Amino acid sequence: MKVSSITLKVIKAPLKQPFKTHLETVTDREAIIVEAKDKDGLIGYGEAVPFTSPWYTEETIKTCYHMLEDFLIPLTLTSPLQHPGELQGLWRGIRRNAMAKSALEQAIFDLYAKQNETYLGRLFGGERREVAAGVVIASNNVEEAMRQIDGFSGSGYRRYKIKIDPLHDIEFLSHIRDAFPDIPLMADANSAYTLDDIAHLQKLDEYKLMMIEQPLGHDDIVEHSRLQSKLQTPICLDESINSYHDASSALTLGSCGVINIKMAKVGGWTEAVRIHDLCAENDVPVWCGGMIEFGISRAHNIALATLKGFTIPGDISSSSRYWEGDIIDPEVVVKDGLIQVPEKAGIGFSINEKRLKALTTYSQMYR
Ligand code: OSB
Ligand code: MG
């Protein structure tokens with residue numbers, strides 16, 4: 001396959017409401033849209049989802065742009081390519097920078113799927129016709145959190161995730177459980193605890209949480225294994241899983257019972273599918289993580305979640321959860337807690353060019 005040109009578009013939009021964790025409050029979101037075009041004018045789309053500052057991963061919009069412009073795009077445009085599965089090998093000499101790689105790999109896989117008139121998920125063996133949707137409540141005000149759960153329940157979400165930290169956990173959860181005794185609920189700590197908190201974390205076992213996500217260090221695997229042996233609630237690793245090797249280490253050490261796979265954080269489709277396959281072989285359930293993304297990344301996530309190991313509803317919500325207007329057409333809609341998987345080739349959604357243009361702050365084409 002030949003990629004004739006690649007265009008980068010930096011976009012920016014305000015969130016409908018602030019997304020608050022103990023690490024950062026996100027009010028505006030930037031992303032880099034990657035468009036890979038072939039000689040027939042077909043276009044594949046990817047979305048780079050680092051934040052503007054490095055609070056969640058080390059990558060930022062600027063580092064990502066730099067890696068794409070100065071390394072990944074030149075190498076890709078000057079190398080022969082039969083299949084997008086070769087990209088990771090081609091980029092072997094470029095360490096890490098997973099979100100930059102993921103966005104470009106996404107665009108070229110989308111282009112390849114469109115050239116072959118196949119829905120992207122099917123390329124990787126995904127068979128699901130609908131995927132279960134989950135939603136994240138990111139407010140440390142318990143009244144506000146409960147109002148949000150109430151509001152989202154109209155869409156029938158199959159799983160609710162709240163953000164916790166040592167100052168907003170036990171009381172917070174007990175209020176939510178009193179009001180919503182039976183909702184499928186989990187908590188994400190984004191590394192807010194240490195091993196000194198074992199006794200405290202054991203108190204969370206009584207709230208019937210599906211799992212607790214990333215309680216300890218963002219780069220830890222060993223301490224989570226100690227903690228998991230002392231908790232009934234399964235641990236789910238997010239920040240700690242940046243590669244197949246990390247997932248393999250976590251399974252070997254028993255550091256978690258569930259893995260949150262974020263395609264962007266592990267460098268794209270190829271690595272995400274390898275992790276999925278490893279977890280499936282080991283009967284470890286996985287779910288698809290979210291990055292407060294726009295529609296293109298959301299579409300890739302839906303395609304990923306069609307794979308059989310994605311048995312737990314992920315952080316895949318409707319476009320309207322975050323945006324006044326999304327950049328895809330139609331927008332992602334959640335009904336009865338489900339998202340219908342599109343049938344069209346590639347990511348399965350068209351681009352809302354008018355909206356994309358309105359959000360673009362900088363754009364450049366490379367050939
Ligand atoms: O820790 O899972 C996380 C969003 C941005 C950065 C980190 C995380 C999140 C989420 C997903 O919780 C939110 C979403 O995309 O709906
Ligand atoms: Mg998380």
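This is a predicted model: local features need pLDDT of at least 70, side-chain atom pairs count only at pLDDT 80 or more; totals for chains, interfaces and linings use all residues.
**Entry 1. Conventions**

I take helices (H or I, at least four residues) and strands (E, at least two) as DSSP runs, numbered from the N terminus. Residues are numbered from 1 along each chain as its sequence is written, chains are lettered from A and ligands numbered from 1 in the order in which they are written, and side-chain values use heavy atoms, with hydrogens and water left out.

**Entry 2. Backbone**

I looked up Asn 97 and placed it in the loop between helix 2 and helix 3. Its phi is near 55 degrees, a positive value in a residue other than glycine. I note that most residues other than glycine have a negative phi, and most peptide bonds are trans. Asn 97 is buried, with a relative accessible area of 17%.

I found a positive phi also at Ile 292, near 50 degrees. Ile 292 belongs to the loop between strand 11 and helix 12 and is buried at 6% relative accessibility.

I then examined the peptide bond from Asp 329 to Pro 330, which is cis, with omega near -5 degrees. Pro 330 is in the loop between strand 12 and strand 13 (338-340).

**Entry 3. Magnesium site**

I asked which residues are the protein donors of the magnesium ion (ligand 2). They are Asp 188 (OD), Glu 213 (OE) and Asp 238 (OD), at 2.2 to 2.3 Å from the ion. Donors here are N, O and S atoms within 2.8 Å of the metal (3.2 Å for Na, K and Ca); water is not among the atoms, so the site may look incomplete. Along the sequence the donor residues follow the spacing D-x24-E-x24-D. Glu 213 lies in strand 8 (residues 212-213) and Asp 238 in the loop between strand 9 (235-237) and helix 9 (244-253), so the pair ties together parts that are 25 residues apart in sequence. I recorded both Glu 213 and Asp 238 as buried.

**Entry 4. Aromatic rings**

I paired rings of Phe, Tyr and Trp (its six-membered ring) if their centres lie within 6.5 Å; planes under 30 degrees apart count as stacked, over 60 as edge-to-face and the rest as tilted. The count by this rule is nine aromatic pairs. Phe 294 and Trp 323 form a stacked pair, with 4.1 Å centre to centre and 10 degrees between the planes. This pair links distant parts of the chain, 29 residues apart: Phe 294 is in the loop between strand 11 (286-288) and helix 12 (295-304), and Trp 323 is in the loop between helix 12 and strand 12 (328-329). Phe 294 is buried, with a relative accessible area of 0%, and Trp 323 is buried at 2%. I noted one aromatic cluster formed by Phe 19, Phe 294, Tyr 322 and Trp 323.

I also checked for charges over rings, which requires NZ of Lys or CZ of Arg within 6 Å of the ring centre and within 35 degrees of the ring normal. Arg 159 lies over the face of Trp 287, at 5.1 Å from the ring centre. Arg 274 has its charged end over the ring of Tyr 244, 4.1 Å from the centre.

I worked on a 1 Å grid over the protein atoms alone: a cavity is a set of points where a 1.4 Å probe fits but cannot get out, a pocket is an open set with protein on both sides within 12 Å along at least five of seven lines, and lining residues have an atom within 4 Å of a point. Grid points are joined across faces, edges and corners, and a volume is the space filled by probe spheres set on the points.

Of its 23 lining residues, the closest to the centre are Phe 19, Lys 163, Gly 290, Met 291 and Ile 292. Strand 5 (134-137) and strand 6 (159-163) are the elements that give two or more residues to this lining.

The largest pocket holds about 890 Å³ of space. Of the 35 residues that line the pocket, the closest to its centre are Arg 96, Ala 98, Asn 242, Ser 243 and Lys 265.

Conventions. Buried means under 20% relative accessible area, exposed over 50%, partly exposed in between (1.4 Å probe, protein chains only).
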